Amino acid sequence: MAETATQNLSVLPEDSPSDDKKPPSVPQIVFVNYENESQINDVMRLVALDLSEPYSIFTYRYFLHRFPDLCIMAVDQTTGDVCGCVVGKIDLETVASPTILPTEESLDGEQSPADQPLPTPVSPQQQQTGYIGMLAVSKLYRRQGIGKALVKQVLQRMEDRGCTSVTLETEVSNKTAQELYQNFGFVREELLVRYYLNNSDAYRLRLWFCR
Amino acid sequence: MSESNIPASDGKDLPETVGRDFQPKAAMVDITTMLKDAASALTFESPMIHTDSFNLQDSMAALEIMDQKMDCCEVPASAMLIEPTEQQNDKDERMIFPRPAPTGLDDVIDALPWDELTIEDAAFIALENVIRLESLLSGSSVVESTYTCLYSHKVVLEDMHKRLDPCMSLTEQMKAIMQTPTQKGTIAQRSVFASTLLLVELTDLIRGVILNADIYEEEDFGTSTFNIASFRRPSEGFTLKIVLDEISSIEEESTKLDQYDNQDAFEAIRLTLSFQKDLMVAVSSLARLSGKTIRKEVEAAQQSIKSAKKKLQDTVPIFARLKEKQSDSVKVILRRTFDPFVNRPLVGNSPVRTIVFRDAIDATNEMIRMVDEVDWCVCKVILKANSLGRIRRMMRPVSSESANILTRSLLVLNLYFDELIFGQYSLPEMIVRYMRQLSHVPDSIVNLPTTDAFLNRLCKPVYDTLKLMALNRNRQRSYLDIMLGDWSALREEAYIADMTNHQDSGSHSELQPHFSLYVISTTIELMDNYVDLGVELELLCNEHELTIAYWYRDFLLSSLLTQLNTMRRYKLDAKKQVHQDAEQFPATVSGGKPQKGGKKKGKNKVSVANGASNRTNRDDLSITPTVEDIEEEVEYLFLNAKRFLCRGIVRFFVSLNQAGLIKENSFDFTSNEMIYQKRFEPFIGIHQPPYLTYDDYLKGSDFTKLTQNNLVSASSDSFSVAKSLIDQALKHMSKLDPDFLPIQVEEVKQLSKVCVANSVYLQRLKQLTVGGKTNAKLTLDMATHRHFCTIKLG
């Protein structure tokens, strides 16, 4: 299984045009792309251990077949074990753009509100929104920056593919995950009451890319 | 099947996909026809060969080939620990698979307890039914709550009805004509029937109310019935009759008992049935209010609710005693009559949700709380809230306490019907009176046709602001987003109405934009609510976001107070004018005639608009403040206190920043400015108050010119001012009806604690900075008050 994970797979390049696009390095860990079904068991194993929701294989295939480039695995170079993974996708979201305020030149403090130009509404637009479906790091490999590295890489790819924002859900009680994402600039957008099958609540987090 | 019926094949007809070298070991048999015949009998609901009590899922479970993750339609087995017998040492764990839905009392798989039911059994079954009811009201669907009671299934209730109805046979009907029919069945059986009937009746009633009100969200209430059939009552009032007969039967029977003989069990059943009956009567009455007898009906419903609450409270110690001596046979009976997963096959491929039932005491206490809510959230509001200000004040706790969906639905159903608020008050009239209360709109304006037109325009948005308070707390924020757009658009219409009225009234005095002030102040309140909810729901949770939230709230509350001050000034001016006129011209002052306005000269054109009642009202101009004046004054003081609290917290955070105890984050993919823009996006389209940009925030929160000491002192002063305003408001509150308070006493204490605690921690910060320490532990505590944090320094 370890050989399958690394054999003939594209390891993410270390040389990149700019420093902020370079994949983060974690000692002894190499990051590889998801390439085929032979790796699905590694992903399922990691995710099933820690996440509360039971996903069927069809759920994994839905993500991995449609967006293989948004699944990145962390492999221990010395043992060949897959010790972490992130799985994402991209959706089209209809977003109501904010109204455009009149500029300072068009506003006159002496004018009555009736005479002042109204803000111009902009029609709703379809935008690409990234979604991080699963993130898992094996217990033995935690607190080494692997999760942070995986998230950073998948966010970079989503930004490169033209996403305007990225969302995910995480359990209200999962403070570790929330701290990880909030360090990237994710904010809590909505509280989802009784979201999970065990009746626990979730936060929808969102990060807006600067463009 | 025999080989002679089926034609043999020598392999010549094999499909091409089979290799040419294939040699069958035995003669192949063509079963196409057989398969087609078998398949033609299958349906979507029954995809495999099955009987009524054995289907695909059962067979897969029996063979243990279910995969928990692959086959999401699996029916979960529960592990049951069997107590060790004398021969065994360890407990034996067995997997118990849920039974299929019952087909009647004499179900083939496992007949439901009936002949062997005792009074004790009946009491505990009634209690379990209350637990199911509580689960339904807490958001579980009917298949996860009501119909986990096997007696509640339609076929079983029909069976019970047949066995217990004294007039089912012709002979019995003839006997009934001649004499009083005797009751059939035992008390235990009839009690179980009555209790279950009430559970089903209440379920249907509650569903009807909630669906009609249409304010539920998926987390409030599970609406799907999964096509489970409900028992059809033979006539209207059937359930009530059965229950009343049973209650009197129990009362009669219990008087014959020796005081140590099952008295508790009888009393428990009687109280539980009475509770359910009272709740049913109250809810059905509140769901159908109309006509001129509204107040009587609501008062009667209120009595029923109070009675229901009392009865449920009385069951608590009785069931506690019964539980202590609960026999094992009762536990077995309960296991046989309640199954949380019996309806699982109805739900199909949906993943299995954890079905949660509280324990008996928690469920009962929760039920008591929900029943009590119907009294103070619905009955009291309908009976007492006689002005727009009071409706808002009484509905605010409904919102902030997150009242149950049934309660909120009853409130919304009755909010506006027969074209009247609570079926009693004209909404345009209420709006005018409210505006008079705030700013004294003069008669010369109130009676104009444009006023009528604008008031009618205002009705829907004002109604929406009331209905908003009945929504799920979490979802209010998303609806506020939409409402802000509506109110922002109203601002221009309000200004036009003010200008037109000013011209039409022929007044030469300064324009008093009453409608604009009202619309703007309502808009600001909604904006403030939006930010406030973000803090309460902990969507805005770290130091940086909270600083921005409180900074924006400081601005919004200051803007709101500016509008309110203008309105209060208009009212004060009008009062002064009226009393000056009264002193100068005592003979011309009378209750019903419109008076000349403040600075008006010349003709005062007053016209009564079509259909408008005479809206003159001099009471609001009396020098002695009215009760509503004091209520508004208290609300004003609290707004001011909150403004200073926000200011103090912002300055506290800035002090921490200056002291190096908190640092602003920077991000690889986004920025603080982007986050700010997105957070306050709903405000961009609002013209007044103007949208504040991130630059405005940076400038507004830049206190670098102040020393740390001065900043800490400024923050401390803000908390002191807030505290003194709260104390001032408290003095007024003692004179008011608690139901009309803008803020409950408990919350006042919490606000005071926040002021005091933050002041204390400010002193701690002072000590730290003097000592040169920069690594104190910082905790943001929202436990004291959910809207205002206490910043704790360790």
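1. Strand S2 (residues 71–76) and strand S3 (residues 82–95) of chain A run antiparallel, joined by five bridges. Strands pair here if DSSP finds at least two bridges between them. Strands are DSSP E runs of at least two residues, helices are H or I runs of at least four, and both are numbered from the N terminus. Val75(A) has Val82(A) in S3(A) as its bridge partner. The hairpin of S2(A) and S3(A) has five residues between the strands, and Gly80(A) takes a positive phi near 80° there.

2. A note on the basis. This is a predicted model, with pLDDT of at least 70 needed for local features and 80 or more for side-chain atom pairs, while totals for chains, interfaces and linings use all residues. Residues are numbered from 1 along each chain as its sequence is written, chains are lettered from A and ligands numbered from 1 in the order written, and side-chain values use heavy atoms, without hydrogens or water.

3. S3(A) also pairs with strand S4 (residues 125–137) of chain A, antiparallel, over twelve bridges. Val95(A) stands opposite Gln125(A) in S4(A).

4. Chain A as a whole has five helices and seven strands. Their order along the sequence is α-β-α-α-β-β-β-α-β-α-β-β. Of its 211 residues, 47% are buried. Buried means under 20% relative accessible area, exposed over 50%, and partly exposed in between (1.4 Å probe, protein chains only).

5. Which residues of helix H2 (residues 40–50) of chain A are buried? They are Ile40(A), Asp42(A), Val43(A), Leu46(A) and Val47(A). Down the axis of H2(A), the buried residues fall within an arc of 165°, so they line one face of the helix. The arc is taken from the directions from the helix axis to the C-beta atoms. An α-helix has 3.6 residues a turn, so residues three or four places apart point the same way.

6. Now chain B. Ile743(B) sits in the loop between helix H24 (708–733) and helix H25 (745–771). At 4% relative accessibility, Ile743(B) counts as buried. Leaving out residues up to four places away in sequence, Ile743(B) touches Phe638(B), Met733(B), Val748(B) and Leu751(B). Contact means heavy atoms within 4.5 Å. Ser409(B) is 334 residues from Ile743(B) along the chain, and their C-alpha atoms are separated by 23 Å.

7. Ile31(B) lies in the loop between strand S2 (28–29) and helix H1 (32–40) of chain B. Its relative accessibility is 37%, so Ile31(B) counts as partly exposed.
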